[in-house]
Amino acid sequence: MEYISTRGKVGGIGFVDAVLMGLADDGGLLVPKQIPQVSADTLSLWQKLSYSELALEVFSLYIDGEIPRGELKKLVNDSYATFRDEEVTPVRRLNDKLHVLELFHGPTFAFKDIALQFLGNLYSYISRERNSIIHILGATSGDTGASAIEGVRGKEGIRICILHPHGKVSKVQELQMTTVDDANVLNLSVEGNFDDCQRIIKELFADVEFKHRYHLRAINSINIARILAQTVYYFYAYFQLVNRGISGKVNFSVPTGNFGDIFAGYLAKKMGLPINKLILATNENNILERFINEGVYQPGEFHMTYSPSMDIQVASNFERYLYYLHGEDANTVTTIMDNFKKDGKVVISADKLEQVKGDFVAYGVENDECLATIGQSHDEYGYLLDPHTACGVAAAEKLTDNGEVTVALSTAHPAKFNEAIELIQIEQTFPPQIQALFDKPQHQILVDGTNDAVKEQLLKFF
């Protein structure tokens with residue numbers, strides 16, 4: 001399996017080199033040269049597998065023997081042995097038309113654990129095998145940071161620096177990152193919003209000389225390994241429904257801000273998983289909804305919401321979708337992204353918009369509707385949603401037609417966002433792992449939202 005850049009200047013590299021490169025050296029994003037196709041017979045065989053067994057099969061298609069199967073199996077098993085539910089990503093039924101895919105049973109109670117437990121172990125494996133230094137640099141809107149830190153804290157040969165927007169993540173998210181006191185972990189609290197953090201990361205990675213000199217590696221969803229890991233739970237959720245005798249059209253409703261989680265679903269569908277609709281759920285930062293409905297991708301006014309992990313205007317994975325939307329034409333993608341950098345927007349043609357509408361449907365959930373959905377689910381089903389999951393459930397309720405079943409992705413445990421839960425007078429009991437965070441000291445450095453300020457801290461740390 002070879003990996004190539006969406007901008008065409010990087011090609012023919014293997015899986016491990018793609019993981020190490022993160023952002024392609026030409027500024028694009030790495031994608032597989034060919035998307036593996038999964039036949040109906042193979043789907044039938046996979047239907048009987050455990051989560052770890054299924055993950056091994058999916059990864060094997062993309063790694064293609066570059067990591068020996070026995071080693072890969074150990075990486076997968078070690079990654080998912082840390083989860084609190086034996087199914088790893090169980091599906092819960094709310095009603096006949098709506099199920100919830102619980103993705104929060106990992107160490108930090110967020111869906112990012114599913115990819116980052118694996119990526120952390122993979123980086124450790126690569127460091128040992130290649131005797132190489134791994135300096136991880138990432139940005140977080142809340143959950144990625146804690147999951148990434150948990151995946152590599154204390155591991156030899158690896159250092160990790162995470163940027164988060166100062167005062168714009170939930171208290172539990174902040175504590176999960178900043179109460180870690182391992183010497184190989186640095187938390188930078190950045191003046192600005194998540195888009196500022198993400199811009200700094202992308203610009204530092206685009207400085208190829210700096211990136212190579214300091215061995216910078218990516219852990220954000222620009223890293224193709226993140227996307228591949230997330231495709232697995234689409235297959236697994238679909239199989240869980242089939243194994244329960246549920247037939248017919250299956251949709252997935254995905255709360256997303258960075259386009260990574262829903263792109264994983266798009267990739268699973270292109271591999272052969274019979275997904276009906278991919279429902280893209282956003283909050284009031286609804287650039288992606290506007291693109292899908294109107295064909296214009298243009299950042300608007302930034303809004304702070306009850307679902308802060310989706311408070312994003314510039315979706316870092318969007319370029320991967322543009323690549324497939326334009327027939328895998330790297331020259332066209334390069335032109336589009338150059339124009340976006342210059343003009344601040346992307347406008348697609350009417351025929352491309354029709355194609356987009358065939359790939360996705362979208363719905364933006366405002367703050368009041370988000371809270372109302374949490375209250376309604378709690379009252380009707382005795383099931384407590386976190387505010388991001390509530391956006392997915394609200395979108396599912398709007399866009400699921402008769403004869404369809406929708407799986408809403410539950411991206412985080414509600415204890416991570418108690419600020420929103422308290423607003424509707426619901427009291428919840430925190431898991432002991434989260435409750436214990438409030439008694440620990442924090443370790444973070446406040447920096448200006450500039451490349452130079454972050455560089456200065458990195459040079460001290462590395």
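There are zero disulfides in this structure, which is a predicted model. A disulfide requires two cysteine sulfur atoms within 2.5 Å. For Cys-197, the closest cysteine sulfur belongs to Cys-161 and lies 10 Å away, so the distance is too far for a bond. For Cys-370, the closest cysteine sulfur is that of Cys-391, at 4.3 Å, and this too is too far for a bond.

I turn now to Thr-144, a residue of helix H6, which covers residues 143-152. Is Thr-144 buried or exposed? Its relative accessibility is 4%, so Thr-144 counts as buried. Which residues does Thr-144 touch, leaving aside those up to four places away in sequence? They are Lys-112, Leu-116, Ala-139 and Arg-226. With Lys-112 there is also a polar contact, side chain to side chain, at 2.7 Å.

Finally, please look at helix H3, residues 51-63. Its 13 residues reach 18 Å from the first C-alpha to the last, close to the 18 Å expected at 1.5 Å a residue. Buried residues in H3 include Tyr-51, Leu-54, Val-58, Phe-59 and Ile-63. After H3 comes Asp-64, and the phi of Asp-64 is positive, near 55°.

How values were computed:
Residues numbered from 1 in each chain as written. Predicted model: local features only at pLDDT ≥ 70, side-chain atom pairs only at ≥ 80, totals over all residues. Heavy atoms only, no water. Helix = DSSP H or I, 4+ residues; strand = E, 2+ residues; numbered from the N terminus. Buried < 20%, exposed > 50% of the residue type's maximum accessible area, 1.4 Å probe, protein only. Polar contact = N/O pair within 3.5 Å; in protein donor to acceptor, adjacent residues only side chain to side chain. Contact = heavy atoms within 4.5 Å. Expected span 1.5 Å × (residues − 1).
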